[in-house]
Amino acid sequence: GASSTIANNTIRDIGSNGIWMANSGLIEGNQVRAISNLDGMGGNQDDQGLGIAIQTSAGVLCRRNTVDSISYNGIKFSGGNITIRENVVSNVCINKNDGGAIYTWENNGQWNFPNKVVSRNIIINIGKILFGMPASYSTGYYPLYMDGGTGAVTLDSNVIALSNVSQNSTFTSSNIFDDHAVLMNNPRSLIFRNNITFGYPTGLSINDWSPSITQTPKPTGNTITGNALYVNNMANGNNWKETNRSFFWQSHGTRSIAEQQADIQNIGTMNNNYVSDFAQSPFHWTSYSADGAFPVKLAAWQAFSGKDLNSVSFPATTPEFQYNATASPTTYTFTGRQKRDYRGNIYNNSATIPAYYGNIFFDNGPASTPVTLTVTATPTAIACNGGNSTVTVTASGGTAPYTG
C-alpha cells in the first residue's frame, strides 16, 4: 500500500526477509536482526536473505534503523526517489557473498532511476562470515556496493570501518581485512563525497566492465571529493594487487595503457580527497589482463590521470578512529592531549563527533594552555564641544607583538 509507515518495530529471527517496501512510505527506527541466518532458508535468490528491501520509485525514506546479522544484503534498494539515511548496519553477508551493507544494481546500466541518496550511515562489522563457512566465502561483500552500472546516487558522509575497529580503538597492525570499503561497477553520475573509510585494504574501487560486457556504459560523470580513505598497511594474502590502495581502478578486458588512461580521465571529477600514501602506493590501475602492473604514488597518479590535484596524504603517524552512531553529537575526551583531525583541525582535550558521523585523529602532542588576550582603552576627557580626546590602547597576554 502507498504511504505506509513501518516504525519502531523489532523484527528478528526471520526465515527470508525483514522488511519489504514496494510503494511510497517511511521505514524508521526499526531493529532488524538475525534475518535468514539458517543457511538455505529462503532460498539462494538475489531477493532473499535481505534485512530491508526497497523496490519502488514512488518515494521512500529509510532512516535510523539498526540492521544486524543479515544473511545477504543489509539494505537493498532498487528504484528512484529513495533516501537511506542515518542507519547503522553491521554483520551482513554472513552466509551469502557478492552483496553489501547497502546495495543496489541497475541492470548493467540499462535502468536509469533518479534521485537516490545514501547519507550518514554507519557501516561496521562487514564481512564477518559466521557458522564456520568455508574460506572461499570470505570475500565478496562490500559496505557500499553500487553494482551494475548504477547512476544518479549521492553517497554523502557515510562512515565505514573494519569489524575489529571499535569506537575507541587505535589502528593496529592486526586490522587485516580482505575487500573494498566501497565498490562501484561502471558508476554513472554518482556523487561520492565526505565519506570516511578506515582500515580496509582498499578504500574505493571502480570496475569498468564495458570492455567485456558491451552494453554496459563506461564510468563517466562521477564526482569523488572530500573523502578520507585510510587503508591498512598490511600485506594481503588473497588479493595482493588490491592491497593498501585508497583508490583502485580495474578494466575487465584487454586495454592498452593509453586506453586505460583515457578511460580514467573520463571518470569525472576526483579532488580534495585524503589518501594513505604508504610505502605501497595509494593508487592502482590495471587492465584485467595485466594485474599488479601499475601501482603509483599520489604525484604519479596526478600526472597520469589529471585527478586529485588538490588531494593530500594522511600523516605518517598512527591514527585513531572515532564514530558516533547516535542521533545526538557526542564528546570524545583525550584529557591533556592535543589532536589534529585529517582535515587539519586542532582540538585540545576533547572533540565533538557529530550525529551519525566520525573522524580520524592524529596525536599532536600535549594540550596547549589557553592564553587570554586582554585589551584596554583609556580616553582623556573632552572639556567642551569641539574638543579632542586621546585614547591610549594597551594589551597584555596573548602573543606579542601587538598592533592597533
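**Salt bridges and burial**

Mentor: In this predicted model, the side chains of Arg-255 and Asp-263 meet in a salt bridge, N to O at 2.7 Å.

Trainee: Why is the contact between Arg-255 and Asp-263 called a salt bridge?

Mentor: The nitrogen and the carboxyl oxygen must lie within 4 Å. The value for Arg-255 and Asp-263 is 2.7 Å, so the pair meets the rule.

Trainee: What makes Asp-263 count as buried or exposed?

Mentor: Buried means under 20% relative accessible area. Asp-263 has 8%, so Asp-263 is buried. Arg-255 is buried as well.

Trainee: How do you know that Lys-218 and Asp-263 form a salt bridge?

Mentor: Their N to O distance is 3.4 Å, which is within 4 Å, and therefore the pair qualifies. Lys-218 lies in the loop between strand 21 and strand 22, and Asp-263 in helix 1, 45 residues apart.

Trainee: Why is Lys-218 called partly exposed?

Mentor: Its relative accessible area is 30%, between the cut-offs of 20% and 50%, so the term applies to Lys-218.

Trainee: What makes the contact of Lys-339 with Asp-363 a salt bridge?

Mentor: The closest N and O atoms are 3.8 Å apart, within the limit of 4 Å, so the contact of Lys-339 with Asp-363 counts. Lys-339 belongs to strand 31 and Asp-363 to strand 33. Lys-339 is buried at 9%, whereas Asp-363 is partly exposed at 38%.

Trainee: How many salt bridges does this rule give?

Mentor: The count is 16.

Note on methods
Residues are numbered from 1 along each chain as its sequence is written. This is a predicted model: local features need pLDDT of at least 70, side-chain atom pairs count only at pLDDT 80 or more; totals for chains, interfaces and linings use all residues. Side-chain values use heavy atoms; hydrogens and water are left out. Helices (H or I, at least four residues) and strands (E, at least two) are DSSP runs, numbered from the N terminus. Buried means under 20% relative accessible area, exposed over 50%, partly exposed in between (1.4 Å probe, protein chains only).
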